[in-house]
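Student: I have just opened this one and would like a slow walk through it. Could you start with how the chain is laid out?

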Amino acid sequence: MRLVLLGAPGSGKGTQASRLKAALGVPHISTGDMLRAAVAAGSAMGRKAKAVMDAGQLVSDDILLGMLEERLAQPDATGGFILDGYPRNLAQAAALDQLLTKLGQPLDAVVKLEVPNEAIISRCEIRFTAEGRADDNPDTVRKRLAIYAEQTAPVADFYARHGKLQVVDGVGELAEVTARIKRALQHESAAAGG
Ligand code: AMP
């Protein structure tokens, strides 16, 4: 299963991806986690990315594509993956399409988690207190939501036009949201005849 999880920051993509990976038997690939690891490791790329991330902006498409290409080439990703945090704009969506076509591994499904902005803002406030992520402070969350609306929302429209998008209600108990995603994926594989 090659799955992209879309949704605004704080919509629960990361949490749901880690709940789904065992059931689907594929790794959870989070570009945000990969960037945070680079920042923690203090690499040159990490140092460059940190300021951009703390400001709630998007890191450059080139860096992301290089990182993703390397990650998808690892053996655990050859049987599929759950992609969380990528693509975040139309250029990244096109680059992903091209990369997966080259690998002969097209996406099976794209699921978008829908959560109203008020719920997102309060979730990020809780995460800010619990984890202290600089980009979860309320002002930066508003900035990230604006970037999401402007740059990432068109990615959902792109996949909808290609008949790949499933929209799932992301509000509710964690287990209930996971069950909704699984139902959407079953629906998807039934529609594909698989
Ligand atoms: P996330 O954990 O997915 O919310 O990502 C945290 C931050 O990492 C984002 O606010 C961006 O600064 C950066 N980031 C993660 N994924 C991407 C991406 N696909 N393109 C650009 N920047 C990204």
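Tutor: From the N terminus on, the elements run β-α-β-α-α-α-β-α-β-α-α-β-α, where helices (H or I, at least four residues) and strands (E, at least two) are DSSP runs numbered from the N terminus. This is a predicted model, in which local features need pLDDT of at least 70 and side-chain atom pairs count only at pLDDT 80 or more, while totals for chains, interfaces and linings use all residues. Residues are numbered from 1 along each chain as its sequence is written, and side-chain values use heavy atoms, with hydrogens and water left out.

Student: How many helices and strands is that in the chain?

Tutor: The chain has eight helices and five strands.

Student: And what is its radius of gyration?

Tutor: The value is 16 Å, which agrees with a compact globule, because one of 194 residues would have a radius near 16 Å; the radius is taken over C-alpha atoms, and the globule rule is 2.2 Å times the number of residues to the power 0.38. Along the principal axes, the C-alpha atoms fill a box of roughly 45 × 35 × 30 Å.

Student: What share of the residues is buried?

Tutor: Buried residues, meaning those under 20% relative accessible area (1.4 Å probe, protein chains only), make up 43% of the 194.

Student: New topic: where is there a cis peptide bond?

Tutor: A cis peptide bond joins Tyr86 and Pro87, with omega about 0°.

Student: Which loop holds Pro87?

Tutor: Pro87 lies in the loop between strand S3 (81-84) and helix H5 (90-103).

Definitions and conventions. Buried means under 20% relative accessible area, exposed over 50%, partly exposed in between (1.4 Å probe, protein chains only).
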